[in-house]
Amino acid sequence: MGGKERDGGALKSALVVAGGLALAWVTMETAFKPWLDRLRTAVARSDPATDPDDADETAAAAPYKAEDSKDMDDAAYAEEDMKVLERVQAPE
């Protein structure tokens, strides 16, 4: 008698939890979009064959091209990255 009511309650609970998780994921993606985009760009540019702990200064990472950016935020980040790279590689 009570078994079917429990099964329906469990299904409702599972749907509420799944809906809450989906809403939380969308909220986090929206809230942290600038940082996530920058992180994903950096991961896409990284070369898994190279070891970042190696002290090889001649093999610098390929610079990010502003013309590939989707919006001005990416271009601004690329410009900052290039300035930092120039400062690091400048002879003293």
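# Reading helices and salt bridges in a predicted model

Mentor: From the N terminus on, the elements run α-α-α. The chain has 3 helices and 0 strands. Keep in mind that this is a predicted model.

Trainee: What share of the residues of the chain counts as buried?

Mentor: Of its 92 residues, 5% count as buried. The chain exposes about 8,300 Å², and carbon and sulfur atoms supply 62% of that area.

Trainee: Where does UniProt place the feature "transmembrane region"?

Mentor: The record, an unreviewed entry, puts it at residues 14-32. Such annotations may be inferred rather than shown by experiment. In the model, residues 14-32 are 95% helix and 0% strand, with the end C-alpha atoms 27 Å apart.

Trainee: Which residues make the nonpolar surface patch of about 360 Å²?

Mentor: Met28, Phe32 and Trp35 make that patch. Take methionine 28 as the example: this residue lies in helix α1, which spans residues 3-31.

Trainee: Is methionine 28 buried or exposed, or does it fall in between?

Mentor: Buried means under 20% relative accessible area and exposed means over 50%. Methionine 28 has a relative accessible area of 46%, so it is partly exposed.

Trainee: Now the charged residues. How many salt bridges does a search of the whole structure find?

Mentor: The general idea is that side chains of opposite charge can pair when their charged atoms come close. Here the search of the whole structure finds 2 salt bridges. In one of them, the side chains of glutamate 29 and arginine 40 meet, with an N to O distance of 3.0 Å. That pair links distant parts of the chain, since glutamate 29 is in helix α1 and arginine 40 is in helix α2 (residues 33-45), 11 residues apart.

Trainee: With which residues is glutamate 29 in contact, leaving aside its neighbours within four places in sequence?

Mentor: Glutamate 29 is then in contact with Leu36 and Arg40. Its side chain also makes a polar contact with the side chain of arginine 40, at 3.0 Å.

Trainee: How do the two partners, glutamate 29 and arginine 40, count in terms of accessibility?

Mentor: Glutamate 29 counts as partly exposed because its relative accessibility is 24%. Arginine 40 also counts as partly exposed, at 43%.

Trainee: Which residue forms a salt bridge with aspartate 37?

Mentor: Lysine 33 does, and the closest N and O atoms are 2.9 Å apart.

Trainee: Why are aspartate 37 and lysine 33 separated by about one helical turn?

Mentor: Both residues lie in helix α2 and are 4 residues apart, so about one helical turn separates them. As for accessibility, aspartate 37 is partly exposed, with a relative accessible area of 27%. Lysine 33 counts as partly exposed too, at 46% relative accessibility.

Trainee: Let me put the two bridges side by side. Glutamate 29 in helix α1 and arginine 40 in helix α2 link distant parts of the chain, whereas aspartate 37 and lysine 33 are 4 residues apart in helix α2.

Mentor: That is the reading. When you go through the model, check each pair by its atoms: 3.0 Å, N to O, for glutamate 29 and arginine 40, and 2.9 Å between the closest N and O atoms for aspartate 37 and lysine 33.

Notes: Residues numbered from 1 in each chain as written. Predicted model: local features only at pLDDT ≥ 70, side-chain atom pairs only at ≥ 80, totals over all residues. Heavy atoms only, no water. Helix = DSSP H or I, 4+ residues; strand = E, 2+ residues; numbered from the N terminus. Patch = residues over 30% accessible without salt bridge, like charges linked within 9 Å, V, L, I, M, F, W, Y side chains within 5 Å. Areas by Shrake-Rupley, 256 points an atom, 1.4 Å probe, with all protein chains shown as cover. Salt bridge = Lys/Arg side-chain N within 4 Å of Asp/Glu carboxyl O. Buried < 20%, exposed > 50% of the residue type's maximum accessible area, 1.4 Å probe, protein only. Contact = heavy atoms within 4.5 Å. Polar contact = N/O pair within 3.5 Å; in protein donor to acceptor, adjacent residues only side chain to side chain.
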